[in-house]
Amino acid sequence: MSELYRFGVSLEKTLIDAFDRHISEQHYKSRSEALRDLIREELLKKQWREGGQVAGAIVMTYDHHKRELLNQLLDIQHDFQETIISTQHVHLDHHHCLEIVAVRGTADQVEKLATQLKVQAGVKHLSLSISTAG
Ligand code: NI
């Protein structure tokens, strides 16, 4: 773990009250912990905006009986082979499949891939979770 630094922060009463409510709702153990997450999140957003590398996961469910859907999903994934690290496929029931696609690239590439998969007929739900690449 890197060295810890302490600094004082001055806030208006209404703002710190609202922050404390947020901390309690999110079950943070301390203000420091909550503040660290906010700072990390903001720096990550900056990284996305500047085209830095991000890593993440696309989680989607689809009906594999839909005509041509499997071929379309595969074609799209092959177009993004440099962005996709790995995929995991789970047969949920007779109709439905769950796929988890681990991705790494610029936020633009990753979002483009997620959008192209999401709009295919037969894809029931898709969510994209982006984290820092390092
Ligand atoms: Ni399946």
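Reader: Hello! Where does histidine 27 lie?

Author: Welcome! Helices (H or I, at least four residues) and strands (E, at least two) are DSSP runs, numbered from the N terminus. Histidine 27 lies in the loop between helix 1 (13-25) and helix 2. Before we go on, please note that this is a predicted model, in which local features need pLDDT of at least 70 and side-chain atom pairs count only at pLDDT 80 or more, while totals for chains, interfaces and linings use all residues. Residues are numbered from 1 along each chain as its sequence is written, and side-chain values use heavy atoms, with hydrogens and water left out.

Reader: Thanks! What is the phi of histidine 27?

Author: Start with the general idea. Most residues other than glycine have a negative phi, and most peptide bonds are trans. Histidine 27 has a positive phi of about 60°, although it is not a glycine. Glutamate 68 is another residue to look at: its phi is positive, about 65°, and it is not a glycine either. Glutamate 68 sits in the loop between strand 1 and helix 3.

Reader: Is histidine 27 buried or exposed?

Author: Those words have cut-offs: buried means under 20% relative accessible area, exposed over 50%, and partly exposed in between (1.4 Å probe, protein chains only). Histidine 27 has a relative accessible area of 68%, so it counts as exposed.

Reader: Let me try helix 1. Which of its residues are buried?

Author: In helix 1 the buried residues are Ile16, Phe19 and Ile23. To see how they are arranged, take the arc of the directions from the helix axis to the C-beta atoms. The buried residues of helix 1 pack against helix 2, where contact means heavy atoms within 4.5 Å.

Reader: What span should helix 1 have?

Author: The expected span of a helix is 1.5 Å times one less than its number of residues. The 13 residues of helix 1 should span 18 Å, and its end C-alpha atoms are 18 Å apart, which agrees.

Reader: Which residues of helix 4 are buried?

Author: They are Ala107, Val110, Leu113, Ala114 and Leu117. Their arc around the axis is only 135°, which puts them on the same side of helix 4. Asp108 and Lys112 are exposed on the other side.

Reader: How many residues are in the largest nonpolar core?

Author: A nonpolar core is a set of buried Ala, Val, Leu, Ile, Met, Phe, Trp, Tyr and Cys residues joined through side-chain atoms within 4.5 Å. The largest one here has 20 residues, and Ile58, Leu113 and Leu117 have the most contacts inside it. At least two residues of this core come from each of strand 1 (53-63), helix 3 (69-79), strand 3 (96-106), helix 4 (107-118) and strand 4 (123-132). Helix 4 gives the most, with 5 residues. Not counting residues up to four places away in sequence, leucine 117 touches Ile58, Met60, Leu73, Ile76, Gln77, Val123 and Leu126.

Reader: I see Gln77 among those. Is glutamine 77 buried or exposed?

Author: Glutamine 77 has a relative accessible area of 10%, so it is buried. It lies in helix 3, where Leu69, Leu73 and Ile76 are buried as well. The buried residues of helix 3 fall within an arc of 100° seen down the axis, so they line one face of the helix. The face turned away from that buried side carries the exposed residues Asp75, His78 and Asp79. Leaving aside neighbours within four places in sequence, glutamine 77 is in contact with Met60, Ile84, Thr87, Glu99, Val101 and Leu117.
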